[in-house]
Amino acid sequence: MSFTEITPELAWNMMQTKNAALLDVRDAARFAYSRAQGAFHLTDQSYGQFQDIYDFDHPIIVSCYHGVSSRSVAAFLAEQGYDNVYSVIGGFEGWQRAGLPIETAY
């Protein structure tokens with residue numbers, strides 16, 4: 001059980017073609033301010049909702065600030081039994097640099 005690191009571009013492609021779920025694990029204020037389009041805010045409080053929505057075989061992509069803390073969350077999800085887990089290289093910062101769609105509070 002493990003996860004794979006992928007580029008923001010591949011993550012976006014997987015969201016479009018494989019209905020992959022993108023989980024943003026940044027703090028609530030940053031998530032509310034701006035996030036990757038279609039991201040689900042994964043927190044300790046929303047974990048149960050996440051489990052209700054996504055099956056163990058659903059592709060799961062984890063994103064954080066810079067691509068570091070998402071690795072530990074991805075490893076945790078793989079340990080819980082999720083089969084297709086990925087971590088975004090560069091996190092949300094990499095997503096923005098790649099010019100991929102974002103949602104903002106404004």
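## Arginine charges over phenylalanine rings

In this predicted model, R35 lies over the face of F31, at 4.9 Å from the ring centre.

## The surroundings of R26

R26 is placed in the loop between β2 (21-24) and α2 (28-33), and at 4% relative accessibility it counts as buried, because the limit for that class is under 20%. Its side chain also makes a polar contact, at 2.9 Å, with the side chain of D24.

When neighbours within four places in sequence are left aside, R26 is in contact with F31, S34, R35, H41, C64, Y65 and F92.

## Aromatic pairs

The structure holds eight aromatic pairs. In one of them, the rings of W12 and W95 have their centres 5.9 Å apart and their planes at 85°, so the pair is classed as edge-to-face. Since W12 belongs to helix α1 (residues 8-17) and W95 to helix α5 (residues 91-97), the pair ties together parts that are 83 residues apart in sequence. Both W12 and W95 are buried.

Another pair is formed by F56 and Y82, whose ring centres lie 4.7 Å apart with the planes at 55°, so this pair counts as tilted. The pair links distant parts of the chain, with F56 in the loop between α3 (47-53) and β5 (60-63) and Y82 in the loop between α4 (69-80) and β6 (85-88), 26 residues apart. As for accessibility, F56 counts as partly exposed, at 43% relative accessibility, whereas Y82, at 3%, counts as buried.

## The annotated span

The UniProt record, an unreviewed entry, carries the annotation "domain: Rhodanese" for residues 16-104. In the model, the end C-alpha atoms of residues 16-104 lie 20 Å apart, and the span is 38% helix and 22% strand.

Conventions: Residues numbered from 1 in each chain as written. Predicted model: local features only at pLDDT ≥ 70, side-chain atom pairs only at ≥ 80, totals over all residues. Heavy atoms only, no water. Phe/Tyr/Trp six-rings, centres within 6.5 Å; stacked < 30°, edge-to-face > 60°. Helix = DSSP H or I, 4+ residues; strand = E, 2+ residues; numbered from the N terminus. Buried < 20%, exposed > 50% of the residue type's maximum accessible area, 1.4 Å probe, protein only. Lys NZ or Arg CZ within 6 Å of the ring centre and 35° of its normal. UniProt positions renumbered as here; feature names shortened; annotations may be inferred. Polar contact = N/O pair within 3.5 Å; in protein donor to acceptor, adjacent residues only side chain to side chain. Contact = heavy atoms within 4.5 Å.
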